[in-house]
Amino acid sequence: MGSALVPDHVRLATPSDVPTIFQLVQELAEYEKLSHEVVGNESLLHDHLFGDRPYIESFIVEADGDPAGFALFFQNYSTNVGTPGYYLEDLFVRPTYRGRGLGKALLVALAQRAADRHFHHLRWSVLDWNAPAIAFYQKIGAVISETERLARITGQHLEASNTDVSSSWSIQPVTLKDLSESSPSTGDADPSNLRHSILRHLSEAQYAALRTAIAAQPPHVEVVMIYDNHHPIGFATFTHSYSTFLTCPGITVESIQVLPDYSLLEIQAVLINGLKEIAKNRNCGRLEWLIPHDDAAAIAQCESLGGTIKSTWRICSMNKDAISELAH
């Protein structure tokens with residue numbers, strides 16, 4: 001299917017589509033035998049799509065004048081590339097309409113929206129046993145990662161803190177003011193200067209992009225810093241995600257950077273627990289991050305924090321070139 005067909009079949013959702021989208025969410029859950037996990041409602045979905053602080057966007061695909069499926073997606077961020085992108089949370093076409101290219105039409109529409117906004121990546125997940133979907137995604141230019149797995153904390157485990165934190169350590173959010181180009185009182189070389197600390201891990205271009213992303217309204221990305229005796233020793237970048245079944249936002253850890261003198265796993269655990277507090281305070285339903293599939297220590301740490309590993313999920317991604325090709 002070429003992108004010329006997209007305007008006839010795919011459109012952005014409007015507030016009047018919320019009941020239809022919620023019905024499609026329930027149908028998706030039933031198809032995946034997960035109906036018991038749908039605990040939200042239309043009112044919450046409406047607020048998260050069209051309220052004062054939208055977390056998500058959605059496309060509706062129509063066939064024969066009826067809603068045939070939907071895509072629900074949200075914005076994320078790549079610290080390495082220094083640009084926002086999209087994460088596709090749900091893609092669903094009703095069984096009676098399958099085989100007509102509607103799923104691809106939704107992906108083309110999303111690629112077009114990403115290209116129009118100069119976004120550099122699309123990401124989503126696929127079950128490892130879904131060979132036809134994997135083959136289709138690869139055909140349209142997606143790369144399927146075999147080296148990363150999604151770690152997720154939900155429910156009561158978000159409420160509990162499982163790490164004994166040294167009294168010398170503290171976690172603080174980073175503001176745009178904190179990331180001023182220089183510190184007049186201490187200078188860039190001072191170990192307490194945040195710019196100096198972050199530039200140990202990022203290039204000047206990545207740092208400039210990070211400042212721009214934090215300055216956006218709402219921010220494209222947020223940062224928390226961990227300190228040891230008031231000296232910054234590491235940081236995490238994170239964005240909001242979304243769960244349609246829970247009908248609530250979540251938090252995704254995009255990147256964690258730690259000074260080499262410290263244990264990555266130890267500092268990561270402290271940062272994850274700090275982000276659990278943020279997730280709880282924002283009424284988020286989940287906290288996620290990626291770990292290497294063969295890192296036994298990281299997997300054990302995830303489980304000690306109350307998390308689970310989505311071992312059957314594979315992360316799909318498209319870069320800027322693949323997005324452009326699909327969009328056109």
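This is a predicted model: local features need pLDDT of at least 70, side-chain atom pairs count only at pLDDT 80 or more; totals for chains, interfaces and linings use all residues.
Seven strands form an open sheet in the order β8-β9-β10-β11-β12-β7-β13, with mixed pairing. The edge positions belong to β8 (169-174) and β13 (308-310); each has a single partner strand, so one side of each is left without a neighbour in the sheet. From one strand to the next, the twist averages 30°.

Strand β12 (residues 286-292) contains E288. Is this glutamate, E288, buried or exposed? Its relative accessible area is 5%, and because buried means under 20%, E288 counts as buried. Setting aside residues up to four places away in sequence, E288 touches L150, A151, R152, S241, I251, T252 and V253.

A contrasting position is K177, found in the loop between β8 and α6 (194-198). K177 has a relative accessibility of 75% and counts as exposed, because the cut-off for that class is over 50%. Along the chain, K177 and R211 are 34 residues apart, while their C-alpha atoms are separated by 9.5 Å.

The structure also holds an open sheet of seven strands in the order β1-β2-β3-β4-β5-β14-β6, again with mixed pairing. Here β1 (10-12) and β6 (143-144) stand at the edges, and each has a single partner strand, so one side of each lacks a neighbour in the sheet. Helix α10 (residues 320-327) packs on this sheet and touches β5 (121-127) and β14 (313-319). Its direction makes about 80° with that of β14.

Strands of a sheet pair through backbone hydrogen bonds, in either the parallel or the antiparallel sense. Strand β3 (residues 66-78) and strand β4 (residues 83-93) pair in the antiparallel sense, over ten bridges. On β4, G85 is the bridge partner of N76.

Attention now turns to helix α4. This helix has 15 residues and reaches 21 Å from its first C-alpha to its last, close to the 21 Å expected at 1.5 Å a residue. How many of the 15 residues of α4 are buried? Eleven of them are, so α4 is largely enclosed by the rest of the structure. The buried residues are L102, G103, A105, L106, L107, V108, A109, L110, A111, R113 and A114. After α4 comes H118, whose phi is positive, near 60°.

At 1% relative accessibility, L106 counts as buried. Not counting residues up to four places away in sequence, L106 touches V10, F59, I60, V61, F70, A71, L91, F92 and V93. One of these contacts, I60, is 46 residues from L106 in sequence, yet the two are 8.0 Å apart in space, C-alpha to C-alpha.

Technical notes:
Residues are numbered from 1 along each chain as its sequence is written. Side-chain values use heavy atoms; hydrogens and water are left out. Buried means under 20% relative accessible area, exposed over 50%, partly exposed in between (1.4 Å probe, protein chains only). Contact means heavy atoms within 4.5 Å. Two strands pair if DSSP finds at least two bridges between them. Helices (H or I, at least four residues) and strands (E, at least two) are DSSP runs, numbered from the N terminus. Axes are lines fitted to C-alpha atoms, for helices over the stretch in contact, and angles run from 0 to 180 degrees between N-to-C directions. The expected span of a helix is 1.5 Å times one less than its number of residues.
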